[in-house]
Amino acid sequence: MQQIPHYINGTRVADAERYGPVFDPATGRQEKEVALASPSRVDEAVRAAEAALPGWRSASLAKRAAVFYRVRQLLTERKSELAAILTSEHGKVLSDAEGEISRGLENIEFATGLGHMLKGERSEQVSTGVDVHSIRQPVGVVACITPFNFPAMVPLWMIGSAIACGNTVLLKPSEKDPSSSVFIAELFTEAGLPDGVLNVVHGDREAVETILDHPGVKAVSFVGSTPIARTIYTRAAAKGKRVQALGGAKNHMVVLPDADLDMAADAAISAAYGSAGERCMAISVMVAVGEIADDLVEAVRSRMAGLRIGPGTDPSSEMGPLITAEHRDRVASYVTGASSEGATVVVDGTQQEFGSDGFFIGVSLVDHVKPGMKVYDDEIFGPVLSVVRVATYADAVRLVNENQYGNGVAIFTRDGGAARQFEVEAEAGMVGVNVPIPVPVGTYSFGGWKDSLFGDTHMYGPDSIRFYTRGKVVTTRWPDPSTSAIDLGFPQVD
């Protein structure tokens with residue numbers, strides 16, 4: 001059986017005390033096994049990163065940029081190969097996998113501009129003969145802990161800026177679909193990145209806890225569920241580390257009475273069921289405002305029957321399986337339990353049959369959902385769309401703002417005034433106007449509010465430069481030695 005190795009100091013390391021199974025979600029069969037890191041293996045990777053840090057942080061910005069230009073070229077040339085890896089381990093359809101890689105490439109392209117991003121400021125003559133300038137320096141060894149749902153894009157979110165800023169990296173991907181991280185790390189090496197700058201270790205809770213406690217790790221980036229994000233933030237911050245931990249979401253799509261219902265229904269289908277709903281920016285709640293609810297629900301329902309669900313390698317498939325059998329069963333439990341909570345199951349995807357042992361489930365639509373129901377309160381992370389009916393715009397905003405999560409939100413309307421008001425009033429980190437999944441382009445930053453983010457900075461883009469560097473201000477004075485004198489007073493400008 002194929003073994004997925006660690007990648008430490010530019011070398012594949014396959015031996016391990018424990019191994020974990022890696023399945024093909026489309027067939028339900030174990031196809032590979034992944035080495036799970038022991039504490040000593042994690043320590044080996046951290047020490048490799050520490051050893052590579054002085055050389056990389058002193059590398060010229062031009063040399064660093066050249067690596068990223070080459071990485072971009074290699075990722076573009078080998079996109080189909082990487083997409084096939086994603087599909088085989090995650091299950092998403094090939095077109096979705098290729099789209100994920102394209103969005104990840106935005107962050108590599110952003111990193112090529114590191115010469116501009118790392119510029120400081122300078123002020124001359126702030127006092128007589130005194131100048132001040134600012135610089136940004138790397139924080140050190142950075143740990144990047146990434147989720148299963150975007151095994152290429154999210155690592156590229158983190159490692160692009162972290163490495164560009166002069167740090168060295170320990171990447172711990174999900175053990176459910178780990179091969180893409182090794183593939184990407186080897187492309188970086190091929191592009192000229194020195195050994196030890198980017199290391200990949202696989203593992204479960206034991207490896208994560210070792211990373212969080214390791215004194216050599218100076219910063220931690222994480223994307224995952226809210227309970228784990230909160231735990232990671234608390235534990236790592238208590239050790240004095242810089243932490244950004246992105247948690248879960250319950251993204252709402254508000255549809256006002258004046259909206260184009262056909263466009264809104266198309267958007268809801270795409271945003272709720274794309275990637276089988278396994279994305280933190282999926283629309284999981286559609287908020288129907290006023291008397292449009294029946295028509296809107298019917299417009300969505302009528303489109304659902306035509307969705308083609310099948311193996312990600314089948315070009316006709318629009319949605320693939322879920323990542324594991326356990327996750328599929330958990331998603332199904334929300335649909336089967338919705339009626340007992342008072343909701344109406346309009347389309348029950350759990351009843352759809354597939355001629356496969358893969359981890360497939362159909363798409364579901366649940367109407368008359370209210371806060372307090374599990375189908376509303378919990379992050380389901382699957383192809384389940386809930387419909388909440390409210391009377392007014394104000395009710396919709398209140399619903400959004402009272403939710404514990406604040407990742408993304410969208411509004412569909414033809415009214416520019418209402419849209420602008422929503423931009424101001426919605427308590428979420430990312431807002432879409434007639435855009436159901438408002439993931440920012442690579443030159444902006446990604447992140448939510450409330451229980452969707454633990455830490456002070458968002459992911460990638462300008463915020464990532466602030467997170468992966470420390471600011472330093474230098475005050476200089478080159479006076480005539482003859483003017484030197486002792487002065488015990490507090491420094492003042494003159």
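Predicted model: local features only at pLDDT ≥ 70, side-chain atom pairs only at ≥ 80, totals over all residues.
Figure 1. Why quote an area at all? The size of an interface is often given as the accessible area lost when the parts come together. To find the two partners in the chain, look for residues 2-248 + 448-474, which make up domain 1, and residues 251-433, which make up domain 2. Their centres, taken over C-alpha atoms, are 31 Å apart. At the meeting place, 25 residues of domain 1 are in contact with 34 residues of domain 2.

**Figure 2. A closer look at the domain 1 side of the interface.** Which three residues supply more of the area that domain 1 buries against domain 2 than any other three? They are V93, W449 and K450, with 23% of that area. How many salt bridges does the rule find across the interface of domain 1 and domain 2? The count is zero. Polar contacts do occur here: 13 residue pairs are joined this way across the interface of the two domains. On the side of domain 1 that touches domain 2, the elements giving two or more residues are α3 (79-90), α4 (94-111) and β21 (449-450). Helix α3 has the largest share of that side, with three residues.

**Figure 3. The largest nonpolar core.** This core has 68 residues, and I159, I163, F188, L198 and F446 are the ones that touch the most other members. Helix α6 (residues 153-164) gives the most to this core, nine residues. Both domains take part, since the core draws at least three residues from each of domain 1 and domain 2. Apart from this core lies another one of 65 residues, including V254, A272, V409 and I411.

**Figure 4. The neighbours of F446.** Which residues does F446 touch, not counting those up to four places away in sequence? Begin with W157, L246, C280, M281 and N407, which are among them. Then look for M430, V439, P440, H458, M459 and Y460, which F446 also touches. Remember that F446 is one of the residues touching the most other members of the largest nonpolar core.

Figure 5. Side chains of opposite charge can pair when their charged atoms come close. By the rule used here, the count comes to 29 salt bridges. In one of them, the side chains of R41 and D15 meet at 2.8 Å, N to O. R41 sits in helix α1 (residues 39-57), while D15 is in the loop between β3 (11-13) and β4 (18-24), 26 residues apart. Is R41 buried or exposed? R41 counts as buried, at 14% relative accessibility, whereas D15 is partly exposed, with a relative accessible area of 47%.

Figure 6. R18 forms a salt bridge with E206, with 3.1 Å between the closest N and O atoms. R18 lies in strand β4 and E206 in helix α8 (residues 205-213), so this pair ties together parts that are 188 residues apart in sequence. R18 is partly exposed, with a relative accessible area of 34%, and E206 counts as partly exposed at 34% relative accessibility. The side chains of E190 and R78 also meet in a salt bridge, at 3.7 Å from N to O. Here E190 belongs to helix α7 (residues 179-190) and R78 to the loop between α2 (61-77) and α3, 112 residues apart. Finally, look for R205, E209, D213 and R235, which are linked in a network of salt bridges.

**Figure 7. D415 and the backbone beside it.** D415 is in the loop between β19 (408-412) and α15 (416-425). Its side chain reaches the backbone nitrogen of G417 at 2.9 Å. A polar atom of the D415 side chain also lies 3.1 Å from the backbone nitrogen of A418. With a relative accessible area of 40%, D415 is partly exposed.

Figure 8. Q125 has a phi near 55°, a positive value in a residue other than glycine. S275, also not a glycine, has a positive phi near 55°. Q125 is found in strand β6 (residues 122-127), and S275 in the loop between α10 (261-273) and β14 (283-289). Q125 is exposed, with a relative accessible area of 51%, whereas S275 is buried, with 9%.

Notes
Residues numbered from 1 in each chain as written. Heavy atoms only, no water. Core = buried A, V, L, I, M, F, W, Y, C linked by side-chain atoms within 4.5 Å. Buried < 20%, exposed > 50% of the residue type's maximum accessible area, 1.4 Å probe, protein only. Helix = DSSP H or I, 4+ residues; strand = E, 2+ residues; numbered from the N terminus. Domains from an automatic or database assignment. Contact = heavy atoms within 4.5 Å. Buried area = accessible area lost by both parts, 1.4 Å probe. Salt bridge = Lys/Arg side-chain N within 4 Å of Asp/Glu carboxyl O. Polar contact = N/O pair within 3.5 Å; in protein donor to acceptor, adjacent residues only side chain to side chain.
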